Amino acid sequence: MKNNIVLCGFMGSGKSTVGKILAQKLNFTFKDSDECIEQRENMSVSEIFKTYGEEYFRKTESLVIKELSLQNGLVISTGGGAVLNSDNAAALRQSGTVIFLDVTPETVLERLKNDASRPLLQRKDKAEAITELLIARKPVYQAAAHYAVNANRDALKTVEEILTLQGI
């Protein structure tokens, strides 16, 4: 049994922010799967999408997730679409506890209003895109996770709830 903590959820749910704080409190290593992909490919996620397309990105993401899942003592922040792949979700569940950071579309819109780096939000109707994607993905996030926590609040409060769920 692995002892990782995996954070899944929609873009802007706070996975990286919460993950860094959580890793520090647990004395774990923080790994962001998107950053691992960027290092491996030597380009940003946006550039990968533009240059090679989403399918290539998803294949690379699956390789990175498999590698991370084999390690111990990690807090893993996954990309927003990572657990849409059932093999990724299964590998992450086997590697430790998966926590779904649940947010409303309003929270996502507020947090990402000035973020131009999200390939799936490069649309004029950003609010509609967020709502549609979040509604479609929420059941998948819930199914992939062992627990769901409210992430519409301050990151420290979210971390405290995760630590409580872990019995810490």
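Let's start with helix α3, residues 45–52: its buried residues are V45, S46, I48 and F49. Buried means under 20% relative accessible area, exposed means over 50%, and partly exposed is in between, using a 1.4 Å probe and protein chains only. Seen down the axis of α3, those buried residues fall within an arc of 165 degrees, so they line one face of the helix. The arc is taken from the directions that run from the helix axis to the C-beta atoms.

Before going on, a word on the source. This is a predicted model, where local features need pLDDT of at least 70, side-chain atom pairs count only at pLDDT 80 or more, and totals for chains, interfaces and linings use all residues. Residues are numbered from 1 along each chain as its sequence is written, and side-chain values use heavy atoms, with hydrogens and water left out. Helices are DSSP runs of H or I, at least four residues, and strands are runs of E, at least two, numbered from the N terminus.

Back to α3. What does its buried side pack against? The answer is α2, residues 33–41, and α4. The face turned away from the buried side carries exposed K50 and T51. After α3 comes G53, with a positive phi near 95 degrees.

Next, α2 and α4 themselves. Their axes are 9 Å apart, and they pack at an angle of about 110 degrees. Axes here are lines fitted to C-alpha atoms, for helices over the stretch in contact, and angles run from 0 to 180 degrees between N-to-C directions. α2 and α4 are therefore roughly perpendicular to each other. For angles, under 35 degrees counts as roughly parallel, over 145 as roughly antiparallel, 65 to 115 as roughly perpendicular, and the rest as oblique.

Which residues meet? From α2, they include S33, D34, C36 and I37; from α4, they include Y56, F57, T60 and E61. Contact means heavy atoms within 4.5 Å. By class, this contact of α2 with α4 has seven nonpolar, two polar and five charged residues. Ala, Val, Leu, Ile, Met, Phe, Trp, Tyr, Cys and Pro count as nonpolar; Asp, Glu, Lys and Arg as charged; the others, Gly among them, as polar.

Look at E61. This residue lies in α4, residues 54–69. Is E61 buried or exposed? At 1% relative accessibility, E61 counts as buried. Leaving aside neighbours within four places in sequence, E61 is in contact with D34, I37, G79, G81, A82 and N88.

Now the other pair, α1 and α8. The axes of α1, residues 15–26, and α8, residues 155–165, come within 9 Å and cross at roughly 50 degrees. That makes α1 oblique to α8. By class, their contact has nine nonpolar, two polar and one charged residues. Among the α1 residues involved are V18 and L22; among those of α8, V159 and I162.

On α8, the buried residues are A155, T158, V159, I162 and L163. They fall within an arc of 140 degrees seen down the axis, so they line one face of the helix. Their cover includes β1 (4–8), α1, β4 (96–102) and β5 (147–150).

Last, I162, in helix α8. I162 is buried, with a relative accessible area of 0%. Beyond neighbours within four places in sequence, I162 is in contact with L7, V18, L22, I99, L101 and V149.
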